[in-house]
Amino acid sequence: MPGEHIEWLTSKIANTLARRTAAEFPDLQILAWRGGVHSSVCLSEGDRWCAIFASPLKYRIPRKFGVGLPRASYEVYLHVGNLPIADGRIEDVDAFTSVYLNQRRSRVADGRTEDLEEVLSCVTAWVGERLPLPALYRRVGFIDRNRRALKKLARHLDRAQREAGSDILTVMKQKPGNDMAAELYFDGGQRSCFLKLAEGARIRCSFMDARTLLAEAELPGPHAAARGINLWLDQGVTLDRLSGEIGNLALTDFGDAFERGDVTRWKWLTLIASARGWCYEASHVPILERFMETPEINRFVAHTSMDRIRFLKCPYAASSLGGMPVVTPTPSGYIATCDDHQEMEGDVDDIVAFVAKCLERIPDPPCVGCSRDVFLEPINACLAERGSALRVVQTEGWNHCNVSVRRGNRTCGFATTDRPGVPYRVNFYDQVERNACGFFKTIPDVATAVEMWLGEGCEFKDVAAVAHRIFVVF
């Protein structure tokens, strides 16, 4: 009964807070919301409020059910703004897990601790004493602990990089009031490094190539991390050389194939290894091995989706499925379809022959890349030629490939498609009105649409005039 247990634990925290703050902070409002596993405690006074969520580290039924109280962790979110309370209940619990960048309703800090005394000290200091954040940091160390430690680490690593003559510096991805989501990474273009704090003073460093994890290590401190980052990003060492420099470096499976540039073979090897290790896909292994041995097939890559094997045109784009065969296991063999109008049912040999025939008709070689490679520099070059100040940027952090461009309330997002003759899709977003999408033949056409939508402020109907296929407003 975890929901009932957390409700009980939440009530206990609320009662403790009420008892401990009644004399010193009589105007403090304390409410406990009983919502099963989403139960919480809220404290408010004026425009400041706190939300506390408790979750047992190891579930045991509390004393009221005959067993002792478990250890628990407490997640604390500090807000500035109006507490959304009506009839004694919190109306919108989901808002506590979201970030609102409004002046009066923004979450500004958070933290996690197992010490209830720290929780009591934190919430009374924030709501009752109205301490500013710097003073609160000195009072309770768990608030924004991860973000503050990453900032300190970033200063050390940036100094080391500059001293080594490098211009590749740290990037901090963070959202106000979401401490555990803060990330520190180095973007060296093709290569990148991602860092997390580990136990003690150790640092976990992931070494990436084309947003693919090839190796990781837990390093003893900032000096060792700086050395590894410089070797990987600035000196461009191989995995073998990096292993020689970092004794506890753990290489991912088949990373040597990826490093050689054989991305397609790397995809096949990792797919088969994954299928072997998962009971639901173990039956795929024999036919996957046959696919990998067949030249007409192995120049493309595949991925598994539920019980199906799907073939891709691009190793990095799970949506590049147009015109590609799909294989589904049956109790007696397999069924393969292609373009929804060709179908074959048979054993492994029959299906391999069918898939090979389907794929040998596709002349284009598999592409290796992602949205950033397709859109970022080409569109920015077109915009620069037109004298536009707009620039497409990568979004969502170090290992994602989303690219977009924004001005004011309007945004353009980009994706590739499998539609014949119109390989580029642009999504047009307007926070004030509606959204739309259109399909385009060339990058210059995409740049024209972007400039019209963002630079000139045109309407949907005007932008639709330069689209080459379906322009949908929704």
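This section describes the nonpolar cores and the aromatic contacts of a predicted model.

In soluble globular proteins, nonpolar side chains tend to be buried together. The largest nonpolar core in the model comprises 33 residues, and the members that touch the most others are Leu157, Leu195 and Phe207. The greatest contribution to this core comes from helix α5 (residues 222-234), which supplies 6 residues. Another core, of 30 residues, lies apart from it and includes Phe291, Phe300, Phe311 and Val352. When residues up to four places away in sequence are left out of account, Leu157 is in contact with Thr170, Leu184, Phe186, Leu195, Pro222, Ala225, Ala226 and Ile229.

Aromatic side chains form 8 pairs in the model. One of the pairs joins Phe291 and Phe311 in an edge-to-face arrangement, with 5.2 Å from centre to centre and 75° between the planes. Because Phe291 belongs to helix α9 (residues 285-293) and Phe311 to strand β15 (residues 308-312), this pair ties together parts that are 20 residues apart in sequence. A stacked pair is formed by Trp453 and Phe460, with a centre-to-centre distance of 4.7 Å and 15° between the planes. Trp453 and Phe460 are likewise buried.

The charged end of Arg148 sits over the ring of Tyr137, at 4.3 Å from the ring centre. For Arg191, the charged end sits over the ring of Trp232, 3.6 Å from its centre.

Note on methods. Residues numbered from 1 in each chain as written. Predicted model: local features only at pLDDT ≥ 70, side-chain atom pairs only at ≥ 80, totals over all residues. Heavy atoms only, no water. Core = buried A, V, L, I, M, F, W, Y, C linked by side-chain atoms within 4.5 Å. Buried < 20%, exposed > 50% of the residue type's maximum accessible area, 1.4 Å probe, protein only. Helix = DSSP H or I, 4+ residues; strand = E, 2+ residues; numbered from the N terminus. Contact = heavy atoms within 4.5 Å. Phe/Tyr/Trp six-rings, centres within 6.5 Å; stacked < 30°, edge-to-face > 60°. Lys NZ or Arg CZ within 6 Å of the ring centre and 35° of its normal.
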